[in-house]
Amino acid sequence: MNPFRAIWIRFRSLWQNRAAKQEIDDELQFHLEQRTAANMAEGMSPQDAAREARKRFGNLQSVREECRQMRGVSFGEGLLQDIRFGLRTLRKDPGFTTVVVLALALGIGATAAVYSVVNSSLLNPIPGPNPGRLIQIAERLYTHGEFRDQNDKPFFDGLTPPALEAVIAHQDLFAQLTWTEGVSLERKTDDFIEEDGGFGVSPNFFELWNVPPLLGRTFAADEAVPLGTDNVPTRDTVIILSSSWWQTLFNGDPQIIGKTVTLSGRHFTVIGVMPGQFQFPEGGAKFWFPAEPLRLPPGWATGPNTRVFARLKPDASVPQVEAMLGTLAHQLATDPGTGKMYRDDWKSRPGGLGFWVRPARYEFSDGRDDLERTLFGLLAAIGCVLLIACANVANLSLARLEKRQQEM
């Protein structure tokens, strides 16, 4: 029998115990009647036929119990009896019960709490369905000097505008593609000018993460505005606020939707507020507004600052994406408009001209090696606490058994 079906039958017996027993009894009775009828067809009297059928069938009660065991019917009864016995035993010795419950609660609770932190911070920091299908794309960077992080690893940064334009034009392997551009906009106060950091994002940015806003709505496809060379929108547009900025700037006003914020001379209409746990693509972002990909005037150059994220189609794989990006890199290097820039810029990059692809979750844990070691070390330590708690409970049980040795 399929093991999953066997497990299902056992658990089904918990609430279908009576019906399952009756079904077995009816089936056994049917076989006895069939055997009796066959004996009568051979010329036996009804009494002799029934007696011979029961004789050949064997001990009816033993067969019944065996069938119940095979069908899992006895599982429910045995489980309920064990639970009742356990509760009676615990009720007889409340002191022992209290110590055991507290010891196990401490170990299990601490382990679950630390694991939830490790899971949300390191193992699975991305919300939404199928986070394993999310990837991040970036150009290769230099491997020396200021282009390495504090752990001497090459930065995984983003794309330059021509590379982003090429990737957007070749999305056959992606179910969704989104990008973000960090911006810093000025806000005038009564005494001075403050700079507030946020992101210009593609209109489908929030759809990729599948996180609904706390208030209002997300962006529509036709709301994207062009960015100037100073990363300031070229015209007024809409904006979504982070929860912390909404609380700080507007005192958590629930009627914020429709109000206007003036930043760097542009008027932004508030259409939504994100929940507090939403900190993407990095912590500290105060706002998001919909923007078009940056297009540089002739002669302008910029670094690979645009971060790109994508969700793979069900039939797509990372090697296929890498092969596609390799083709795009060759096209960029041979294109008359971008070739010289990319040939000269990529000469010193590891592996030469090309792109990197990695799981998107690394974007949210990159540069946090110390935190990773600390959290995993703490998880291991708390796991030892759980083991100690279990060992203590086992020792208490042995001591209690020794006390009841004469009774046993």
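# Close-up views of a predicted model

**View A. The largest nonpolar core.** Of the 42 residues in the largest nonpolar core, those that touch the most other members are Phe174, Leu325 and Phe355. Helix α10, spanning residues 318–334, gives the most to this core, contributing six residues. Another core of 20 residues lies apart from it, and Trp209, Val211, Phe309 and Ala360 are among its members. In soluble globular proteins, nonpolar side chains tend to be buried together. The model shown here and in the other views is predicted.

**View B. The protein chain as a whole, for orientation.** The protein chain holds 12 helices and 10 strands. Of its 408 residues, 37% count as buried. Among contacts in the protein chain with a separation of 6 or more, 72% are between residues 24 or more positions apart. The protein chain exposes about 23500 Å², and 56% of that area is supplied by carbon and sulfur atoms.

**View C. Gln136 in strand β1.** Gln136 is placed in strand β1, which covers residues 134–139. With a relative accessible area of 0%, Gln136 falls under the 20% limit and therefore counts as buried. Leaving out residues up to four places away in sequence, Gln136 touches Phe156 and Asp157, the run Arg307, Val308 and Phe309, and also Trp356, Val357, Arg358, Pro359, Ala360 and Glu363.

View D. Rolling a probe the size of a water molecule over the atoms shows where empty space is left. A search of the whole structure finds one cavity of 30 Å³ or more, and the largest cavity holds about 30 Å³ of space. Its lining consists of Pro161, Leu164, Trp179, Glu181, Pro293, Leu294 and Thr306. Helix α7 (161–168) and strand β2 (174–188) each supply at least two residues of this lining. By class, five of the lining residues are nonpolar, one is polar and one is charged.

**View E. Glu292 in the loop between β8 and β9.** Glu292 is located in the loop that runs between β8 (287–290) and β9 (307–312). Beyond its neighbours within four places in sequence, Glu292 is in contact with Trp179, Ala224, Val225, Pro226 and Leu227. Trp179 is also one of the residues lining the largest cavity. Pro233 is 59 residues from Glu292 in sequence, while the two C-alpha atoms are 9.3 Å apart in space.

**View F. Asn210, with a positive phi.** Asn210 is not a glycine, yet its phi is positive, at about 60°. Asn210 is found in the loop between α8 (205–209) and β4 (215–216).

**View G. Ser264, with a positive phi.** Ser264, a residue other than glycine, has a positive phi near 50°. Ser264 belongs to the loop between β6 (260–263) and β7 (266–273). Ser264 counts as partly exposed because its relative accessibility is 27%.

Methods: Residues numbered from 1 in each chain as written. Predicted model: local features only at pLDDT ≥ 70, side-chain atom pairs only at ≥ 80, totals over all residues. Heavy atoms only, no water. 1 Å grid on protein atoms, 1.4 Å probe; cavity = no way out; pocket = protein on both sides within 12 Å on 5 of 7 lines; lining within 4 Å. Points joined across faces, edges and corners; volume = space filled by probe spheres on them. Helix = DSSP H or I, 4+ residues; strand = E, 2+ residues; numbered from the N terminus. Nonpolar A, V, L, I, M, F, W, Y, C, P; charged D, E, K, R; others polar. Contact = heavy atoms within 4.5 Å. Core = buried A, V, L, I, M, F, W, Y, C linked by side-chain atoms within 4.5 Å. Buried < 20%, exposed > 50% of the residue type's maximum accessible area, 1.4 Å probe, protein only. Areas by Shrake-Rupley, 256 points an atom, 1.4 Å probe, with all protein chains shown as cover.
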